[in-house]
Amino acid sequence: MQFTFLEIDHVQVAAPKGCEEKAREFYGELLGMQEIPKPKNLQKRGGVWFQCGNHQLHIGVQETFQPAVKAHPAFHVKNLAKLRKHLMIKGIEIKEEEPLEGADRFYVSDPFGNRLEFLEWF
């Protein structure tokens, strides 16, 4: 082949129009992701972007929004137990599913109903 995939650059999660403040509260304040500026020519679309390790998470406005209840990003976390405790203290519902060999993991829903996975590999 004449091309090579290097890595995922970013993941986009859809949200309804007017989502920006809730996204900042959840992804920025609650999860501690740093907001990064959207390029000026894309700002008119709405939404908000965050840095997540070496990658980016884009919250994009979708006019006919429906939450992703099966498809999801998975976030590799250091000290997953501390994140779980932090989210529980903040009243976020933790969803446990089938174990994944070699990892600890759980799921939550963002304020828009999108499924998110958090995991830590042993």
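**Close-up views of salt bridges and a buried arginine**

**View 1. R115 forms a salt bridge with E97.** The closest N and O atoms are 2.8 Å apart. A salt bridge here is a side-chain nitrogen of Lys or Arg within 4 Å of a carboxyl oxygen of Asp or Glu. R115 lies in strand β7 (residues 115-121) and E97 in the loop between α2 and β6, so the pair ties together parts 18 residues apart in sequence. Helices (H or I, at least four residues) and strands (E, at least two) are DSSP runs, numbered from the N terminus. R115 is buried at 10% relative accessibility, while E97 is partly exposed at 43%. Buried means under 20% relative accessible area, exposed over 50%, partly exposed in between (1.4 Å probe, protein chains only).

This is a predicted model: local features need pLDDT of at least 70, side-chain atom pairs count only at pLDDT 80 or more, and totals for chains, interfaces and linings use all residues. Residues are numbered from 1 along each chain as its sequence is written, and side-chain values use heavy atoms, without hydrogens and water.

**View 2. R84 and E96 meet in a salt bridge.** Their N to O distance is 3.4 Å. R84 belongs to helix α2 (residues 80-89). This arginine, R84, is buried, at 16% relative accessible area.

**View 3. R105 sits in strand β6 (residues 103-109).** R105 is buried, at 17% relative accessibility. Its side chain makes polar contacts with the side chains of Y107 (2.9 Å) and E117 (3.3 Å). A polar contact is a pair of N or O atoms within 3.5 Å; within protein, one must be able to donate a hydrogen and the other to accept it, and residues adjacent in sequence count only if both atoms are side-chain atoms.
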